[in-house]
Amino acid sequence: MRTQFPGLLSGALIAAVLGLLIVPSPAIAQNIPPLPNLPNGTIVYLIDETVLAQDSTVPIDLPNLLQQTLGAQISTSWEQVVSLNQQNSIDALIIDETAIEMVDQQWVSGAYRQGVVIAGLDIPIEQFSNLVGNDGLTRDGFASELYPGRFFIITTYVIQADYPEDAAAVMDAQRNNCGGRPASGIRGSVVAAAARSAGSLDTQDDFNVFAHVIADHLEDVETVRQDFARGTHLQPIQPSQNIQK
């Protein structure tokens, strides 16, 4: 069962197959338990080498926490990201704003539409939405508030379809109208779901929330894929059970 944090609702769904992702506002996030286990999946953190070499203990040592808590592999070049992906497909890519200039936007947007979890640290929502190729992320003012310090944005898009043409049609509809109008001409079964999360990243509690949400995104992507493969996505969806902290 996932942990539901009190505070701001920032999950957005295309289909009711992902759990709602809840992240707390800075004023509420207190005594958040650490992630108990490493999440399943390959996680890569891209950061500028110069920044990585500096003392990063203020306010929190993000590279070290990402390695210890999420098992993230640290990369200081885009070539390293590509190499790591060739060795073992990346399931989540965390991009620091210091590394934004080295990113291959076409690769990131393609990975996003294949179910890779994409996270941005200190990247404004407009720039982040362009990075993943989904202008719909900015709808209803999501993540438009000014954070006093460091912050994160996380997004996931996963689609499973009987026919590749159906998947392409749904993706086009999502890209062109942010999911406001359904795709037409669908022949088979399709499950498409998206989620987005945002929050501060200044304290240990903030990081614990970030780690939980990354793990939830990864888990939900795998759940969608497994449910589609088993055909259980055709069954009525039961409300998820959550633990209040």
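Leu65 touches Ile60, Leu70, Gln204 and Phe207 once neighbours within four places in sequence are set aside, where contact means heavy atoms within 4.5 Å. Leu65 belongs to helix H2 and is buried, with a relative accessible area of 13%; buried stands for under 20% relative accessible area, exposed for over 50% and partly exposed for what lies in between, using a 1.4 Å probe and protein chains only. The model is a predicted one, in which local features need pLDDT of at least 70, side-chain atom pairs count only at pLDDT 80 or more, and totals for chains, interfaces and linings use all residues. Residues are numbered from 1 along each chain as its sequence is written, and side-chain values use heavy atoms, with hydrogens and water left out.

**The chain as a whole**

- The chain holds 7 helices and 10 strands; these are DSSP runs numbered from the N terminus, with helices (H or I) of at least four residues and strands (E) of at least two.
- Of its 245 residues, 48% count as buried.
- Among contacts in the chain with a separation of 6 or more, 75% come from residues 24 or more positions apart.
- The accessible surface of the chain is about 11800 Å², and carbon and sulfur atoms contribute 49% of it; such areas come from the Shrake-Rupley method with a 1.4 Å probe, and for residues only the protein chains shown count as cover.

**Helix H2 against helix H7**

- Back at Leu65, its C-alpha atom is separated by 9.4 Å from that of Ala211, although the two residues are 146 residues apart along the chain.
- The axes of H2 (residues 62-70) and H7 (residues 204-230) come within 11 Å and cross at roughly 45°; axes are lines fitted to C-alpha atoms, for helices over the stretch in contact, and angles run from 0 to 180 degrees between N-to-C directions.
- H2 and H7 are therefore oblique to each other, given that angles under 35 degrees count as roughly parallel, over 145 as roughly antiparallel, 65 to 115 as roughly perpendicular and the rest as oblique.
- On the H2 side the contact is made by Leu62, Leu65, Leu66, Thr69 and Leu70, and on the H7 side by Gln204, Phe207, Phe210, Ala211 and Ile214.
- This contact of H2 with H7 has 8 nonpolar residues, 2 polar ones and no charged ones; Ala, Val, Leu, Ile, Met, Phe, Trp, Tyr, Cys and Pro count as nonpolar, Asp, Glu, Lys and Arg as charged, and the others, Gly among them, as polar.
- Pro33 sits in the loop between strand E3 (22-23) and strand E4 (43-46) and is partly exposed, with a relative accessible area of 25%.

**Helix H4 against helix H5**

- H4 (residues 105-112) and H5 (residues 125-132) pack at about 80°, their axes lying 7 Å apart.
- That angle makes H4 roughly perpendicular to H5.
- Gln105, Val108, Ser109 and Tyr112 of H4 meet Asn130, Leu131 and Val132 of H5.
- The H4 and H5 contact is made up of 4 nonpolar, 3 polar and no charged residues.

**Around strand E8**

- Phe151 is part of strand E8 (residues 151-161) and is buried at a relative accessible area of 14%.
- Not counting residues up to four places away in sequence, Phe151 touches Gly120, Leu121, Asp122, Ile123, Pro124, Gly199, Ser200 and Leu201.
- Phe151 and Gly199, 48 residues apart in sequence, have their C-alpha atoms 5.6 Å apart.
- Met171, in helix H6 (residues 164-177), is buried with a relative accessible area of 19%.
- Beyond its neighbours within four places in sequence, Met171 contacts Arg113, Tyr157 and Ile159.
- Between Met171 and Ile159 the C-alpha to C-alpha distance is 8.2 Å, with 12 residues of sequence separation.

**Two backbone angles to look at**

- Most residues other than glycine have a negative phi.
- Asp122, in the loop between strand E7 (117-121) and H5, has a positive phi of about 65° although it is not a glycine.
- Ala143 lies in the loop between H5 and E8, and its phi is a positive value near 60°.
- Ala143 is buried, with a relative accessible area of 11%.
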